[in-house]
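Subject: Structure handover

Hello,

Here is the structure I promised you. Please open it next to this email and follow along.

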Amino acid sequence: MTWLKLVEGYMPMQMISELAGSILIFALANWALNRAGMGIPKFWAGVGVWIYIQLYLKYRIYPPIPFSVRAIYGTVSACGIFMWVSGSEDAWQEFKRPVMNVMDGISGFHKAVRTVALIVIPLALGGFAYTSFLPSFEEPIELRTVHPAPPATTKVHGKTFVLQVVENPYRVNNEGKYDQAYTDARIVEQAMGRLMKDVNDPNYNPWDPNAEGYTKYVREGGEIFFQNCHFCHGDNLNGRGLWAYAFNPIPANFTDAGTIAQLQETFVFWRVSKGGIGLPGEGFPWASVMPPWEQHLTVDEIWKVVMFEYWHTGYYPRTWD
Amino acid sequence: MGRLTSGRTGKKFLAVTGLFVMGVMLLLPVFVALPALAGGGAPAAGGPPPDVVAAQEAEGAEGEEEKVEIGRDVYYKTEGPVVGAPAPKTQDTPEFYPRYNFESRVLLWVANQQHLYYGSFVLAVPIFCMCIEFAGLVSKDKAMAKKYDQLAYDFIKISLTAYSLTAILGGILIFTFLTLYPAFFGYLSSIFRPVMHIYALMFVAESGTLYIYYYGWDKMKEGMLKWLHASMSVVLNVIGTVLMFLANSWIGFMMSPAGVDEQGRYLGNIWHVLHTALWNPLNVHRILGNMAFGGGVVAAYAAYRFLSAKNDEERAHYDWMGYIAMALGVAFLIPLPFAGYWLMREVYAYRQQMGITLMGGLLAWLFIIQATMIGILFLTTNYYLWQALGRMTGGERFQRYIKYFVFILVVGLLVFITPHTIVMTPAELKAMGGQQHPVLGNYGVMSAKNGGINAIIMTTIASFIWYQRGNRVPAVKWAKFGNIFLITFFVVAHLNNIWVACYGYFIPANVRIGLSVPQVAGTLSCLFIGSALNLAMLKQSRELGPIRWGQIAPRSQYALIMLATAFTWMMGLMGYIRSSVRLFWHVNEIMRDNSPWAYTHTIGFGANVISFNVLFFWITIMFVFWLGALGAKKAPVPATQPVPGAAPQPVTGH
């Protein structure tokens, strides 16, 4: 159903709203049918709603949701439907009536269904067991720790940085003092895309020839990014660079709310400096080909490029004060 | 008349004396331990480990000259005289880690978890007893007062057998520590020597108070003595809470040590050792958790008795007991996520990497399992309440709206349990185009999860309000206005919750963390204002019919059992997570774990051991329940027909 687009920036709420809307339509339709004396039996209503949710998750949401998550959603929605159909005694009796009718074989038809069920269900279970024991040639699942815990300190170019307290030396205000709020006010805006607040103002546009201080450092960070990083992380910082698909997993998407937006700036500094090879034991299976950039960039360059990443994505580094 | 007055004065005197004795008993351990506290502790108890002895001997040979060495507190950064031995530097040898042909860590894990289960239970149940006994005391309805009293007695009866088991398991735990981890335990006891003595003495005081409280139930059932009896439950709970706080200080020290220098040497300030960065959040979180767990276990007991009841009277009693236990448990379950949030916040503030290991890194998937368990708890609670509406005339008015509540709960839960790090095959990873899903990835972060859990909690509160109204219609003059206000209040709270959850994506993390305050405030307002307003409206109400205790669907009782099992499983899980976050440290950054088991287990193995612990606990607690039922079955011996030559029979009034 890709003709009906999910709108970037609104996708999470859009999914919930669409589900809520569909459930409401089901409820209204059922109410109308009940009024007309043609109400859908609770059993089929429950089964129908569950199937609808699974189809919605499989075919409506793009890119495809991994099976593990669909399994979680399927189980939770099944529990929810059970709570609904057995919430009251009347509803429960109504729900289980078709099942009991088949179990009791109250008519020839029900007896036939019972016979078919007694043959098909064990066969299906046997088939499932058989296929699950067949050898598989798929790569095994790896539960990868995307953001392993950083060490307390890291040594870059002979200098030790205490990651809990160290600050980006270029995140400064006009007076040259560290100022998180000042710099936060100058990042791009997230709306329907990511836009500079004022292209004509050197306080907001790093590529303005008059840009000074923070915005100038952002430009310098940008230059470093486009010389070194964009081949993999992409010119939109979304992990879709020229070489991205040569790797598995593909490089990190900084525009996603789950990557740099969740991290302290010092974490990103550490990851950039040490690269995939410097991941701790917790980072098993160390599936990252990022080079240890401390071998190619100076400490100052790393700080600037990190700052550029936050500026460009419109995210704020995590802080604890 | 004169004799009656003198009898009353005598009882009063007895009561006052009794209270005084209890007060002295309570303070006794503190007095006894004062010299130890003043002394500030000496070198390791039970003999220091071999490497420490060698170091001390070498030091002694260098010179006899006495000088006070000053050390710097690793947490408080204050200076103090070094009065303890350094933390032992262990090696992977049987000398430091004696072992069977089995993983010592798992043995310790099981012993610890079982002790904790029973400890939590016997700390929580007397708190319930206290509340219920007081409810009975202040109740004007005599029949109700008697019912409450019987219920409180039923509660304490269960906890008494469990109390013995707690002590036995505590002994097993200590032996396990001493025999399998002697170096570590020697170090810990050298730091906490005075605290451990106070702990032991408090345990004695707790036992004494508990036995007087239980066996004195019938003797102290009227007048001033009844008040004395109820006051005894307060003393009992004060001692129990202090006991728990002391035990918490040990794990607080292991996670976030203080009061020692970088080598782990004690600096003479016992308060610093106790009052570590995580002590208070742990205390609050554990006390709430214990209460919720205790409520769950008692509710499961009641459900078991309900399902095996032989007559309507029994069924009605255990239906009511299950409801009260569930309500008490859930009352403490509601603030539990907020206490957990505070604990995590303090963990992050203490060590960033510890927080990331927990919630974003190595142990993050266990938190998804935890979120699932929390969801199960709340969903089950709602389900039970909806079933309970069925035993009220008029309850059906609300049951038709269940589907809308189900929708909010399910959506809230789906958001709450969406993992940040998704399990997927490499093929799925490629198809998804990266580690993060553009739609679901947004549910994987804190902002959305706060929204999800608050929506669930608010819906649970609404279900409670429904339940309170089940068979009653408010008859106050302002009922219509009250209803409109109540509905508007909940709708606004939900909208505020959704808005804040979305807004959280567009602001810095420090502001976002602060935004949880209006979210929580909205939820707590629903709880306090909503419940208070509802109760005020029901002060004058029209009853549609009585509550038909005992006439509830058996499904509801299975829900109670599920609630208790989920509590047990979650408690085991969270204990494992809390302990695992130290990774390869016995005492974080002070004493390294050099045993062969200093690695983090796989999720599957961890889950299996947790499940084993849960199963073991439920098997043993079933035995405790069976013992409780056995006592109840004993037929009272009529006082008018004494058995010739028999010993005097115990009071069987209860």
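M15(A) is in contact with Y56(A), L57(A), I61(A) and Y73(A), and with V439(B), L440(B) and Y443(B), leaving aside its neighbours within four places in sequence. Contact means heavy atoms within 4.5 Å. M15(A) also belongs to the largest nonpolar core, which has 213 residues. The residues with the most contacts inside that core are M15(A), F121(B), F155(B) and M326(B). A second, separate core has 39 residues, including A111(B), M196(B), I198(B) and M254(B). A nonpolar core is a set of buried Ala, Val, Leu, Ile, Met, Phe, Trp, Tyr and Cys residues joined through side-chain atoms within 4.5 Å. Buried means under 20% relative accessible area, exposed means over 50%, and partly exposed is in between (1.4 Å probe, protein chains only).

Before you go on, a word on the ground rules. This is a predicted model, where local features need pLDDT of at least 70 and side-chain atom pairs count only at pLDDT 80 or more, while totals for chains, interfaces and linings use all residues. Residues are numbered from 1 along each chain as its sequence is written, chains are lettered from A and ligands numbered from 1 in the order in which they are written, and side-chain values use heavy atoms, with hydrogens and water left out.

Next, H586(B). Look for it in strand β5 (residues 585-587) of chain B. Helices (H or I, at least four residues) and strands (E, at least two) are DSSP runs, numbered from the N terminus. Is H586(B) buried or exposed? H586(B) counts as buried, at 5% relative accessibility. Its side chain makes a polar contact of 2.9 Å with the side chain of Y97(B). A polar contact is a pair of N or O atoms within 3.5 Å; within protein, one must be able to donate a hydrogen and the other to accept it, and residues adjacent in sequence count only if both atoms are side-chain atoms. Leaving aside neighbours within four places in sequence, H586(B) touches Y97(B), Y181(B), F184(B), M254(B), M591(B), R592(B) and D593(B).

K226(B) comes next. It is found in helix α7 (residues 223-255) of chain B. K226(B) counts as buried, at 6% relative accessibility. The side chains of K226(B) and E133(B) are joined by a polar contact of 2.9 Å. Not counting residues up to four places away in sequence, K226(B) touches E133(B), L137(B), D149(B), W217(B), M220(B) and K221(B).

Now the rings. There are 58 aromatic pairs over all chains. In one of them, the rings of F82(A) and Y383(B) have centres 5.8 Å apart and planes at 35°, so the pair is tilted. F82(A) lies in helix α3 (residues 67-85) of chain A and Y383(B) in helix α13 (residues 364-389) of chain B, so this pair joins two chains. F82(A) is partly exposed at 38%, whereas Y383(B) is buried at 6%. Y75(B) and Y76(B) form an edge-to-face pair, 4.9 Å centre to centre with 75° between the planes. Rings of Phe, Tyr and Trp (its six-membered ring) pair if their centres lie within 6.5 Å; planes under 30 degrees apart count as stacked, over 60 as edge-to-face and the rest as tilted. W217(B), listed above as touching K226(B), is part of one aromatic cluster that includes Y153(B), Y163(B) and F203(B).

Best wishes
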